[in-house]
Amino acid sequence: MSTISSTSVMFTGVTRRYGNSTALDHVDLSLQPGVTGLLGPNGAGKTTLLRLLGTVLAPTEGRCRILGLDPGSHEDRTEIRRSLGYLPQEAGYPRGFTAFQFVDYVAALKEWTDRSQRHAEVRRVLALVGMEELAGTKMRRLSGGQRRRVALAQAFLGSPELLVLDEPTNGLDPEQRASLRGVLSDLARRATVLLATHQTEDVAALCERVVVLDSGRVRYDGPVRELVAQAAGRVWLADEESPSALSSWRVGTGRYRHVAHEAPLGAELAEPTLEDAYLLLRGGQADDAVAGMTA
Amino acid sequence: MNRTQPTWHADESLLTAYLDGRTSAAVSASVEQHLVRCGQCRSGVRQLSDPVPFQGIWDSIVTDISAPAPTRLEVFLRHLGLADRDVVLVRSTPAVQGAWVLGILLCLLFATIAAASGAAYGSLLFLWTAPLVPVLAVAMSFGPHADPSWELAVASPSSPVRLILLRSGAVIATAVPLSALAGAVLPGSPWASIAWLMPSLAGVALTLALATWWPVTHAGAGVALAWTAVSGATAADGYRSSVGSATVELLSADVLPVYLVIAVVAGAVFAVRSDRLSHFGEFS
């Protein structure tokens, strides 16, 4: 591996088009070691951004540097892939494979030539995601959450420097998600982790930094606490629904939680969460309020 | 046995060299004899011996006994001398499982129907089908449409060209003997049951070369259509003169070098353009 500065990923003005539609529009992004969350609605360009980082897609325009290397060059791309753990959104598996065989196959792709060492590594990563007991079970017989954990295990092979994970917590129960957070925060001591998700609570629990994408553009890039702070004074609890709120829903206590710029009738202020802040960012006028924070 | 007290002790450097296996056979035997009699040096060995290698040995035993038993395909491929990592890569070939077997069965079925329908038409039907089987098998052995874990394969440092050639080799190695077997049951010229390998080789090389421009399925379909057109046109000519001559024309000594030239040129194009296969964008 050549020189690795503290900045693992540097994207400048990166654009990706598919025919006439633009999936990413002049995105600037820099990533350092630690966990960064990537939030955004469906179609925001999250998967395209992750594919670019996973070196499986080339940008239409712009400059990409990953681990100090140029993914446009054949040699550099191979070198990046040696230090990359990648979990795509749809991580399919060869038909008839067991969990062990699937991870073993990816380990073979990742140049683990010695069978004994490769098998030991496969057992290690399966244990990391709590799947060692089901290693011999056919993938098609596993539940959706179990398959996701096996797919995640392959990304941990060789403890990579850069982990690019698309919806890693999909289908996991709360206990498994908590356990995964432990694994990721351990890895993030030396690795750069980018985690795309719809789960704001995963980002709140795990990430110091969050990037919000919308329509192919970066809408927010900064510390999680600063995004949450944007929602201070705009989250309310009330007994009645409020039609003027950007978003409102009935909580377990029977009251209504509102994300709104103005206090609904008889409402009291509530402590904002990352989800409230994200809804505020996504809702109408809220965009202007945070425009100055966009990277 | 009379055990006398030793008159000397092995120093640390000698014991370390012995434990590392760096001493000669004679010195090792001498040290061992001494250790049997000398408690002081035995405890020295205990202090010097590193527990880590033993843990490593134990771990490798656990790994070996808990590893899944190799499948018959894996055992066969290892017998052929394929490296362990390549065996794992070939085992994942989508076309080696399912769809591919179906293709071979269809080929055999065609050959059987052909054999039952009479020598002339039968040979033509076989000649049209047999070269297509390896071409379609290669088209089904890699790419996002055929391999559910293709995106992972692309994001890995493994050379995609190596993966593609390994998989193509695996499907051809299965296709050729089975198609040859089907050819052998045909009535008529035994030449036809072997000579079809030439257009088959050209078709596979052309498919791989075209896959550096188009998705491999399109490349395979294009080659299949071209072969159908060529064999159809030749058959039509054959009708006008004498039925059955199409087989002879397509596999005549004049035509066979043409297939060889196509195979060589397409192979060279693939070799030159193969790095285009390493980018997912080219495939999607």
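In this predicted model, A:Asp221 and A:Arg209 form a salt bridge whose closest N and O atoms are 2.9 Å apart. The pair links distant parts of the chain, twelve residues apart: A:Asp221 belongs to strand E9 (residues 217-223) of chain A, and A:Arg209 to strand E8 (residues 209-214) of chain A. Both A:Asp221 and A:Arg209 are buried.

**Salt bridges**

Side chains of opposite charge can pair when their charged atoms come close. Over all chains, the count comes to 26 salt bridges. The table lists four of them, including the pair described above.

| A:Asp221 | A:Arg209 | 2.9 Å |

A:Arg124 counts as partly exposed because its relative accessibility is 34%.

B:Asp86 is buried, with a relative accessible area of 10%, whereas B:Arg162 is partly exposed, at 40%.

Salt bridges that share partners also build a network, which joins A:Asp104, A:Arg115, A:Arg118, B:Glu74, B:Arg78, B:Asp84 and B:Arg91.

**Where the two chains meet**

How many residues of each chain take part in the contact between chain B and chain A? On the side of chain B there are 37 residues, in contact with 41 residues of chain A. The area buried between the two chains is about 3,300 Å², and carbon and sulfur atoms give 58% of this area. B:Glu151, B:Leu152 and B:Pro157 supply 21% of the area that chain B buries against chain A, more than any other three residues.

Charged and polar groups also connect the chains. Four salt bridges are counted between chain B and chain A, and nine residue pairs are in polar contact, with both residues at pLDDT 80 or more. Several helices of chain B each supply at least two residues of the side that touches chain A: helix H4 (51-66), helix H5 (72-79), helix H6 (84-91), helix H10 (150-154), helix H11 (160-184) and helix H17 (280-283).

**Strands and sheets of chain A**

Chain A contains an open sheet of three strands in the order E2-E1-E4, with antiparallel pairing. Which strands form the edges of this sheet? Strand E2 (21-31) and strand E4 (61-66) of chain A are the edge strands, as each pairs on one side only. On average, neighbouring strands of the sheet are turned by 25° against each other, direction ignored. Strand E1 (residues 9-18) of chain A is joined to E4(A) by five bridges, and A:Thr15 stands opposite A:Glu61 in E4(A). Helix H1 (residues 46-53) of chain A packs on the sheet and touches E1, E2 and E4 of chain A. The direction of H1(A) makes about 120° with that of E1(A).

Another pairing in chain A runs in the parallel sense: strand E5 (residues 84-87) pairs with strand E6 (residues 162-166) over four bridges. A:Tyr86 has A:Val164 in E6(A) as its bridge partner. From E5(A), A:Leu84 and A:Tyr86 point one way, while A:Gly85 and A:Leu87 point the other way. Are these residues of E5(A) buried or exposed? All four are buried.

Helix H9 (residues 132-139) of chain B is mostly covered, with seven of its eight residues buried. These buried residues are B:Leu132, B:Val133, B:Pro134, B:Val135, B:Ala137, B:Val138 and B:Ala139.

Helix H14 (residues 216-240) of chain B holds B:Gly232. B:Gly232 has a relative accessible area of 38%, so this residue counts as partly exposed. B:Gly232 and B:Leu124 are 108 residues apart in sequence, and their C-alpha atoms are 9.4 Å apart in space.

Definitions and conventions: Residues numbered from 1 in each chain as written. Chains lettered and ligands numbered in written order. Predicted model: local features only at pLDDT ≥ 70, side-chain atom pairs only at ≥ 80, totals over all residues. Heavy atoms only, no water. Pairing = 2+ DSSP bridges. Axes fitted to C-alpha atoms, helices over the stretch in contact; angles between N-to-C directions. Contact = heavy atoms within 4.5 Å. Buried < 20%, exposed > 50% of the residue type's maximum accessible area, 1.4 Å probe, protein only. Buried area = accessible area lost by both parts, 1.4 Å probe. Salt bridge = Lys/Arg side-chain N within 4 Å of Asp/Glu carboxyl O. Polar contact = N/O pair within 3.5 Å; in protein donor to acceptor, adjacent residues only side chain to side chain.
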